[in-house]
Structure formats: C-alpha cells, structure tokens
Amino acid sequence: MVIVEGRKMNKIEVSMKKDEIFHLATFLILFLVISCKTFHAPPQYLPTAKQAQSDVYGGWIEVKTNKGNINGELIAIQEKRVFVADLRTLHEIDLEDILSARLVTYNPESSKVFFQTAGGIVSTSILAFLIAVLTAERASSLEEILGAIFLPAAIIIVATPIWVTVGTGAAIYQSNLPIIDYPKKPLDAFIPFARFPQGIPPDVDKNSIRMKIPKKEMK
Amino acid sequence: MRLRNILLIILTIFMIGCTFYQLKREINLPGTFQKMTQPQLDEKKTKSPFLKVHMKNGNLYLFDSWKIDEAKSAIVGNATLFSPTREVISKGQATVSLDGVALIETNFLKPSPASTALKIVSAISAVILTLLFISLPGE
C-alpha cells in the first residue's frame, strides 16, 4: 500500500512538474520572441560571422525616416548623409530626417542555438533513460526498479528547465549580437560595416551602385 | 560492454556541440599598419585570415594571405581585386602600395558567450551522466 500510495504521489508530483515545465517553457518562448530583435533582410543576404570575414559588401540597414522607411545595403555614411542601396537605386538620406536605424552586420545563426538546446534536452533525456533501463535490467524487486529510475528521472526533471533557461538566454544574446541600433548607438558605429567605410570616392558613379544580390549558396 | 561504449561516444559528441561566433571588425589607417611591429602584424595575421584593403578609388583588395614588405610601404600577397560595384577585376599575386590605400579592415572571430554558456551546461550534463555510466555494474 505504501508503495502504491508512493507511486500515486510520484505521479501527481511528476504531473505538477510537467505543468511547471510547460509554463516555464511557454514563458521563456514568449520572452524569446519579445526579446529577439527582428529585421527584414532577404534570405541569404547576410553572411555568417565566418563568411563576413571575406564578404565585400555592406551590412543590412533598415532606416526609419520622417518620409518613410528605407531598407538595403549600407553603402556609406558621409557629409551628414547615409547612403543606402536597394535593388533599384541608391538612396541619400539626410541625418536630420532619420528617426531610427537598425544595422545587421552578419547572420547570428540563432536557429543553431535553438537546435543545440533541443539536442541537449533530447540527448540528456535519452541517456538518462538508457541508464535507468540498464540499471533496472539488473533489479530483482519493484523497490530496486523504482530506485534505478529515481536518479535518471530526477536528472531529466532538473536538467530540462536548466537547458531551456540557458538555451533561451543564449538564443536572445546570440540573435542580438550583430545588431546595432541608432539612436541607442551613434551612427559612427555603423561606419566599419559600410561598403565604403572611407566614404564614396568622388570618381565612383553613384548611379551604378546597387545592393548586393543575395545568392542561393554563399561560400 | 558495447552499449556503454556507444553511449560514451554519444556523450563525447554531445559535449563537443558546435561553436557560435561573434565578429569583431577593426578599421585602420595605413599609417597605423606601418607603425605596427612585426609581432603585432603576426598577431593580426593569425587572428584575421583575410585582409580587406579599401582603396582611395573605391576598389577593394581581399587578401587571403598577406604580409607587409620590408620597407613597410606595400602589402604583398594573394588577393582578389573588386571594383566599386564589387565585380571581380583580377585574382592572384598582388602588391598594393600603401599610398593608394584609404583604410585597412581586419575581422576577428571570437566564440560567442552564448556558445560558452551552452558548452558549460553540456559539460555538466555529460559529467553527471558519465559518472552514472561508470557507476553501472559491468556484465
């Protein structure tokens, strides 16, 4: 009876733990969605951090002005103007017209953080389950079987929220790493990520400048 | 025990995980490069495998191997030359005089703290599970 009651209590406790984990996961996912900064770069536009070492174009910029929004490649910042190229033309935006701007310098690959977190949860659970199975195989009584299951189950119950919390924090941090926001940061911080950090040279025909065309496969 | 070995291999892979990087970009005037000592230049070369040389005329040399010549007046190495519209002009050995250079760009990769945080959690999980494996009775 004691064992049966004990098992009932364990089920209730596990059920409560599951609810707590579900609520925590929901909260963390909502927190993740709210905290991650968004941008609208075309697919394949942004190089990864590794690819950005040899990428010869400017970063992706989204500028909000009092005349509308302009998105594209950051070409240069000079003479109190920001030059942004899209697929059709080169925009010259006066600094005084800019309400806010967001520069994305490379692809943060936040999805990899998510997959590593998911992988961590799954592999921890599978391995803990296998330990329980291997230990239970040698058990000769119900008490020994329960004893064999207890520790791996505790590992799963403790490890999952830790993985979710650390994974969520890591994903938020990683997704915000390559983003620079104006007016939070001065526009000078954008300059190293322009196609022409030195400014557009006078001999260059501004009408010939268009944004980088995203490629399906970048080396 | 075969299963135990397989599981330990899985644990090892699980511990390694993958590394996420953050990019640090530095823009230097050619004069700054000329003033650098050889060990400082060597350090830059090790950390930044590519060197981007922004020319005053808007062209860009992308060096995948490079060094500063002995007179510290030119960058020598294997490079791709791009036009201001970023079309490839030429590829191969290049010597670029620092006189025509506007800025020199280096890019360093650092493992992201996000990556470190996940590795710590992976390592703790792996250590606990490994200890449990070791404590399992053998066949």
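1. Some housekeeping first. Residues are numbered from 1 along each chain as its sequence is written, while chains are lettered from A and ligands numbered from 1 in the order in which they are written. As this is a predicted model, local features need pLDDT of at least 70 and side-chain atom pairs count only at pLDDT 80 or more, whereas totals for chains, interfaces and linings use all residues.

2. The interface draws 46 residues from chain A and 42 residues from chain B (in contact: C-beta atoms, placed from the backbone, within 7 Å). On the side of chain A that touches chain B, helix 2 (49-52), helix 3 (110-137) and helix 4 (142-176) each supply at least two residues. Helix 3 of chain A gives the largest share, 13 residues. Helices (H or I, at least four residues) and strands (E, at least two) are DSSP runs, numbered from the N terminus. By type, that side of chain A has 27 nonpolar, 14 polar and five charged residues (nonpolar: Ala, Val, Leu, Ile, Met, Phe, Trp, Tyr, Cys and Pro; charged: Asp, Glu, Lys and Arg; polar: the others, Gly among them).

3. Helix 4 of chain A and helix 4 (residues 113-135) of chain B have axes that come within 8 Å and cross at roughly 170°. Axes are lines fitted to C-alpha atoms, for helices over the stretch in contact, and angles run from 0 to 180 degrees between N-to-C directions. The pair is therefore roughly antiparallel (over 145 degrees; under 35 is roughly parallel, 65 to 115 roughly perpendicular and the rest oblique). Among the residues in this contact are A:Ile155, A:Trp163 and A:Tyr173 from chain A, and B:Leu118, B:Val121 and B:Ile128 from chain B. The contact has 15 nonpolar, four polar and no charged residues.

4. Helix 3 of chain A packs on helix 4 of chain B at an angle of about 5°, with the axes 11 Å apart, so these two helices are roughly parallel to each other. Residues that meet here include A:Thr117, A:Gly120 and A:Leu127 on helix 3 of chain A, with B:Ser122, B:Ser125 and B:Phe133 on helix 4 of chain B. This contact divides into ten nonpolar, six polar and no charged residues.

5. Chain B also holds an open sheet of six strands, in the order 1-6-2-3-4-5, with antiparallel pairing (strands pair if DSSP finds at least two bridges between them). Strand 1 (21-28) and strand 5 (88-97) are its edge strands, and the twist averages 30° from one strand to the next. Strand 1 of chain B pairs with strand 6 (residues 101-111) of chain B over eight bridges, and B:Asn28 has B:Ile104 of strand 6 as its bridge partner.

Key
Two residues are in contact if their C-beta atoms, placed from the backbone, lie within 7 Å.
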